[in-house]
Amino acid sequence: MKTFSATPADIDKKWILIDAEGIVLGRLASIVAMRLRGKHKASFTPSMDMGDNVIVINADKVQVTGKKRDKPNYWHTGYPGGIKSRTTGQILEGAHPERVVMQAVKRMLPGNKLSRQQMTNLRVYAGAEHPHEAQDPQVLDVASMNKKNTRSA
């Protein structure tokens, strides 16, 4: 029996809507990363963009466990002495809370050209509104998948 290898004609992309309200960040990011890569499909081919288009809403209401809300996130500006940091809590309460979810998903994907292409299939919104109603996304209830996926603050 030959191993199945998908071609671009075999790829069937769907639109998935995930509500992140009350969901633990790491568990949400691992589910979204799996959907973006397409590992949930039987026809998964590692070298192809098999994944679905994922819409995450209410990213500002995502939960972090333990002391991770106080953990600093570092980045460098590119200038000498340009290391900066903000805590996860500051980012979630700031102007762009969706960046926390984007960074968590990005770090769960392999660091190559294909994963950068797959990240373009992810749309994260801080509020409950999104402009993708025309795509008729299927709702994926992450909270009911496992009782550990939700935590009360």
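1. Lys 41 has a relative accessible area of 18% and therefore counts as buried, the cut-off being under 20%. The model discussed here is a predicted one. Lys 41 forms a salt bridge with Asp 52, and the closest N and O atoms of the two are 3.2 Å apart. Both partners lie in the loop between H1 and E2, so the bridge ties together parts that are eleven residues apart in sequence.

2. Asp 52 is buried as well, with a relative accessible area of 2%. Asp 52 also meets the side chain of Arg 35 in a salt bridge, at 3.9 Å from N to O. Here the link is between distant parts of the chain: Arg 35 belongs to helix H1 and Asp 52 to the loop between H1 and E2, 17 residues apart. Arg 35 and Asp 52 are both buried. Through shared partners, the salt bridges join Arg 35, Lys 41 and Asp 52 into one network.

3. How many salt bridges does the structure hold? There are four. One of them pairs Asp 49 with Lys 13, with 3.4 Å between the closest N and O atoms. This pair also links distant parts of the chain, 36 residues apart: Asp 49 sits in the loop between helix H1 (25-37) and strand E2 (53-57), and Lys 13 in the segment before strand E1 (15-19). As a general point, side chains of opposite charge can pair when their charged atoms come close.

4. Helix H1, which holds Arg 35, has 13 residues. From its first C-alpha to its last, H1 reaches 18 Å, close to the 18 Å expected at 1.5 Å a residue. The buried residues of H1 are Leu 25, Leu 28, Ala 29, Ile 31, Val 32, Ala 33, Arg 35, Leu 36 and Arg 37. What covers them? The cover includes strands E1 and E2, helix H3 (98-106), helix H4 (113-119) and strand E5 (122-124). After H1 comes Gly 38, with a positive phi near 95 degrees.

5. Four strands form an open sheet in the order E5-E2-E1-E6, with parallel pairing. E5 and E6 stand at the edges and have a single partner strand each, so one side of each is left without a neighbour in the sheet. E2 and E5 run parallel and are joined by three bridges. In this part of the sheet, Val 56 stands opposite Val 124 in E5.

6. His 132 is found in the loop between E5 and E6. With a relative accessible area of 12%, His 132 is buried. Which side chain does the side chain of His 132 meet in a polar contact? The partner is the side chain of Tyr 125, at 2.6 Å. Leaving aside residues up to four places away in sequence, His 132 touches Trp 15, Ile 55, Arg 123, Tyr 125 and Pro 137.

7. Asn 146 is located in the segment after strand E6 (138-139). Its relative accessible area is 32%, and Asn 146 is partly exposed. The side chain of Asn 146 reaches the backbone nitrogen of Lys 148 at 3.1 Å. Asn 146 and Arg 27 are 119 residues apart along the chain, with 9.7 Å separating their C-alpha atoms.

8. Some figures for the chain as a whole follow. The protein chain has four helices and six strands, and read along the sequence these follow the pattern β-α-β-β-β-α-α-α-β-β. Along its principal axes the C-alpha trace spans about 55 × 40 × 30 Å. Of the 153 residues, 41% are buried. Among contacts between residues at least 6 apart in sequence, 68% join residues at least 24 apart. The accessible surface of the protein chain is about 9500 Å², and carbon and sulfur atoms account for 52% of that surface.

Conventions
Residues numbered from 1 in each chain as written. Predicted model: local features only at pLDDT ≥ 70, side-chain atom pairs only at ≥ 80, totals over all residues. Heavy atoms only, no water. Helix = DSSP H or I, 4+ residues; strand = E, 2+ residues; numbered from the N terminus. Buried < 20%, exposed > 50% of the residue type's maximum accessible area, 1.4 Å probe, protein only. Expected span 1.5 Å × (residues − 1). Contact = heavy atoms within 4.5 Å. Polar contact = N/O pair within 3.5 Å; in protein donor to acceptor, adjacent residues only side chain to side chain. Areas by Shrake-Rupley, 256 points an atom, 1.4 Å probe, with all protein chains shown as cover. Pairing = 2+ DSSP bridges.
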